[in-house]
Amino acid sequence: MAIRLGDIAPDFTADTTAGTINFHEWLGTSWGVLFSHPKDFTPVCTTELGAVAKLKGEFDKRNVKVIGLSVDPVSDHHRWIGDIEETQGTALNFPLIGDPDRTISTLYDMIHPNANDTLTVRSVFVIGPDKKVKLSITYPASTGRNFAEILRVIDSLQLTAKHSVATPVNWQHGDDVIIVPSVSDADAKTKFPGGWKALKPYLRIVPQPK
Ligand code: BEZ
């Protein structure tokens with residue numbers, strides 16, 4: 001069954017390039033990003049894994065652990081890592097799951113048979129410290145993802161987990177935000193003592209809380 005937002009991310013134990021990992025234990029109290037790529041030794045995947053490795057510091061800053069997955073075995077991942085390093089100019093610095101029997105791909109519904117009946121699509125799951133799924137996106141094999149967008153969503157998720165706000169279209173960290181409709185004007189006066197700009201009674205803009 002498809003995994004929906006708010007579901008507990010299914011737990012699993014997997015063989016990875018960093019040894020055997022129990023997913024929930026490995027996440028600990030961190031946020032997590034679990035993403036699948038269709039196949040080792042393929043061009044788009046090579047660029048994606050290099051890009052994620054370069055963003056490791058950004059994920060670390062946000063207390064996010066990143067882990068990749070494909071249906072190839074870990075022995076193939078280890079051979080491919082050299083190509084990623086050579087062509088993308090960065091060492092792989094996060095674990096890659098080998099899932100040749102497709103146990104985890106099936107658990108996370110990462111194989112979409114009408115797109116490809118054997119390879120994983122490009123799934124992304126963002127998981128909160130409560131182990132609940134906060135974001136799920138699926139890209140086709142032919143389109144490399146924009147991991148800056150994943151970081152942007154994590155910024156929004158981490159902000160909105162703490163404050164009674166939502167983030168508007170194309171929001172970037174530091175931009176103004178929106179007071180959620182469930183907060184009355186009376187309560188908003190306490191939560192946002194600096195005031196807000198009401199474009200409509202339901203569209204109240206405030207500076208991003210610190
Ligand atoms: C790629 O990563 O380049 C790729 C993988 C599967 C299908 C198409 C492209």
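Predicted model: local features only at pLDDT ≥ 70, side-chain atom pairs only at ≥ 80, totals over all residues.
Two strands are counted as paired if DSSP finds at least two bridges between them.

## Strands β8 to β11

Strand β9, residues 177–179, and strand β11, residues 203–206, run antiparallel and are joined by two bridges. Valine 177 has valine 206 as its bridge partner in β11. These two strands belong to an open sheet of four strands, ordered β8-β9-β11-β10, in which the pairing is antiparallel. At its edges lie β8 (165–166) and β10 (197–200), each of which pairs on one side only.

Alanine 166 is located in strand β8. Its relative accessibility is 28%, so alanine 166 counts as partly exposed. Alanine 166 and histidine 24 are 142 residues apart along the chain, and their C-alpha atoms are separated by 28 Å.

How many of the six residues of strand β3 are buried? In β3 (residues 31–36), six of six are buried, and the strand is accordingly described as mostly covered. In a regular strand the side chains alternate between the two faces of the sheet. For β3, one side carries Trp31, Val33 and Phe35 and the other carries Gly32, Leu34 and Ser36, and both faces are covered.

Strand β3 pairs with β4 and with β6. The strands β3 and β4 run parallel and are joined by six bridges; phenylalanine 35 has glycine 68 as its bridge partner in β4. With strand β6 (residues 122–127), the pairing of β3 is antiparallel and extends over four bridges. Here the bridge partner of glycine 32 is isoleucine 127 of β6.

## Strand β1 and its partners

Strand β1, residues 13–16, has a covered face formed by Ala14 and Thr16, whereas the face with Thr13 and Asp15 is uncovered. Strands β1 and β2 form a hairpin, with two residues between them. The two run antiparallel, and four bridges join β1 to β2 (residues 19–22).

The buried residues of α2 are Cys45, Thr46, Glu48, Leu49, Gly50, Val52 and Ala53.

Helix α6 comprises 16 residues, 147–162, and reaches 23 Å from its first C-alpha to its last, close to the expected 22 Å. At the start of α6, a side-chain oxygen of asparagine 146 comes to within 3.0 Å of the backbone nitrogen of alanine 148. The buried residues of α6 include Phe147, Ile150, Leu151 and Val153, and also the charged residues Arg152 and Asp155.

Arginine 62 and aspartate 155 are 93 residues apart in sequence, and their C-alpha atoms are 7.9 Å apart in space. Arginine 62 lies in the loop between α3 (56–61) and β4 (64–70). Is arginine 62 buried or exposed? Its relative accessible area is 17%, and a residue counts as buried under 20%, so arginine 62 is buried.

## The ligand site

The residues around the ligand are Pro38, Thr42, Pro43, Val44, Cys45, Arg122 and Ala141. By class, this shell has five nonpolar residues, one polar residue and one charged residue. Helix α2 (residues 43–54) contributes three residues, the largest share of the shell. One of the residues around the ligand, Cys45, is also among the buried residues of α2.

| Residue | Protein atom | Distance to a ligand oxygen |
|---|---|---|
| Threonine 42 | N or O atom in the side chain | 3.0 Å |
| Valine 44 | polar backbone atom | 2.6 Å |
| Arginine 122 | polar side-chain atom | 3.0 Å |

On its own the ligand has 260 Å² of accessible area, and the protein covers 75% of it.

Notes. Residues numbered from 1 in each chain as written. Heavy atoms only, no water. Near = heavy atom within 4 Å. Polar contact = N/O pair within 3.5 Å; in protein donor to acceptor, adjacent residues only side chain to side chain. Areas by Shrake-Rupley, 256 points an atom, 1.4 Å probe, with all protein chains shown as cover. Buried < 20%, exposed > 50% of the residue type's maximum accessible area, 1.4 Å probe, protein only. Expected span 1.5 Å × (residues − 1).
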